[in-house]
Amino acid sequence: MPIKRIEVGGAALSVLDAGAGETLLFVHGFPLDHTMWQAQIEAFAPRYRVLAPDLRGFGLSDARGETVTMEEFAGDLAELLDALDERRPVVFCGLSMGGYIALRFVDQFAARLRALVLCDTRAAADSAAAAAHRRKLGEQVLAEGAEPVADAMLPKLFAPRTAAEKPEVLAAARRVMAATHPVAIAAAQRGMAERPDSTALLPTISTPTLVVVGAEDAISPLDEMRGMAAAIPGAEFVVIPNAGHMAPLENPAAFNAALEKFLARS
Ligand code: MLT
């Protein structure tokens with residue numbers, strides 16, 4: 001699959017750019033990279049232009065900055081679209097941290113959106129305790145490397161069935177997390193800790209929206225995501241069975257079918 005390196009704001013970002021047609025922008029979660037979208041890339045690139053970047057500091061992209069806010073990640077993506085000469089409104093599909101970034105993208109660049117897909121994410125800000133915990137974990141990663149964050153996150157990301165039946169999926173995610181640069185992990189943790197509450201934005205979203213959650217998501221609870229969908233005018237809500245927080249990876253058939261249906265309707 002064709003990977004490009006694009007200079008954005010002083011850092012080289014790596015982006016998979018495959019296929020032709022309407023553009024689907026897939027934005028990964030933390031602390032992962034674009035490879036989490038492999039099943040979507042394979043399914044949609046034959047009919048769409050699929051862009052799957054590695055966010056600043058993740059995957060093969062350069063790190064820059066002690067803190068990277070969700071606004072900065074959103075700004076990087078807008079610049080990336082410009083650099084790729086993609087001026088048409090895109091379908092922005094973001095998972096978890098990718099969803100936090102999607103909501104900031106809505107706030108700053110609504111005109112660049114043709115549709116929005118929010119996967120296993122939240123609109124609320126962190127509680128003070130959660131933000132403090134993130135900052136502490138960021139410091140620990142800078143001192144000890146990425147392993148502690150991989151150890152802490154892996155059990156929360158996947159449904160028990162995925163862990164039992166698809167150990168290779170967990171092993172691949174662990175490899176990506178453990179290989180992520182500690183500076184990037186700490187910078188994104190700080191950025192997530194200080195992200196604003198996007199709840200008030202939800203009723204103002206006028207772009208067609210799909211909200212998707214794995215039935216057993218332990219990080220972005222199902223009821224909270226149902227509430228998020230209810231707050232966005234006309235949003236569709238889909239629960240993916242046999243999946244936790246990483247729904248597109250854990251049950252790609254159900255996820256891709258939901259996305260396909262949404263794209264055909266919206
Ligand atoms: C993610 O999957 O991106 C993370 O769970 C986001 C977070 O730590 O809040």
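## Buried or exposed?

A residue is called buried when its relative accessible area is under 20%, exposed when it is over 50%, and partly exposed in between, using a 1.4 Å probe and protein chains only. By that rule Arg56 is buried, with a relative accessible area of 8%.

Before we look further, a word on the model. It is predicted, so local features need a pLDDT of at least 70 and side-chain atom pairs count only at pLDDT 80 or more, while totals for chains, interfaces and linings use all residues. Residues are numbered from 1 along each chain as its sequence is written, and side-chain values use heavy atoms, with hydrogens and water left out.

Where does Arg56 sit? Its place is in the loop between strand S4 (49-53) and helix H2 (70-83). Helices (H or I, at least four residues) and strands (E, at least two) are DSSP runs, numbered from the N terminus.

The side chain of Arg56 has a polar contact of 2.8 Å with the side chain of Asp76. It also reaches the backbone oxygen of Arg64 at 3.4 Å. A polar contact is a pair of N or O atoms within 3.5 Å; within protein, one must be able to donate a hydrogen and the other to accept it, and residues adjacent in sequence count only if both atoms are side-chain atoms. Leaving aside neighbours within four places in sequence, Arg56 is in contact (heavy atoms within 4.5 Å) with residues including Leu13, Val68, Glu72 and Phe73.

## Salt bridges

How many salt bridges are there? The count comes to 22, where a salt bridge is a side-chain nitrogen of Lys or Arg within 4 Å of a carboxyl oxygen of Asp or Glu. One of them joins the side chains of Arg114 and Glu22, at 2.2 Å from N to O. This pair links distant parts of the chain, 92 residues apart: Arg114 belongs to strand S6 (residues 113-119), and Glu22 to the loop between strand S2 (11-18) and strand S3 (23-27). Arg114 is partly exposed at 22% relative accessibility, and Glu22 is partly exposed at 27%.

Another salt bridge pairs Arg226 with Asp223 at 2.8 Å, N to O. These two residues are separated by about one helical turn, because they are three residues apart in helix H9. Here Arg226 is partly exposed, with a relative accessible area of 41%, whereas Asp223 is exposed at 58%. There is also a network of salt bridges, which links Lys4, Asp17, Arg49, Glu86 and Arg88.

## A β-α-β unit

Helix H9 (residues 222-231) has a further part to show: together with S7 and S8, H9 makes a right-handed β-α-β unit. Right-handed means that, with the strands pointing away from the viewer, the path from the first strand over the helix to the second runs clockwise.

Strands S7 (residues 209-214) and S8 (residues 236-240) run parallel and are joined by five bridges; two strands pair if DSSP finds at least two bridges between them. Val212 stands opposite Val238 in S8.

## Around the ligand

Which residues surround the ligand? Among them are Gly29, Phe30, Ser96, Tyr100, Arg134 and His245, each with a heavy atom within 4 Å of the ligand.

A polar side-chain atom of Tyr100 lies 2.6 Å from a ligand oxygen atom. For Ser96, a side-chain N or O atom is 2.9 Å from an oxygen atom of the ligand, and for His245 the distance is 2.9 Å.
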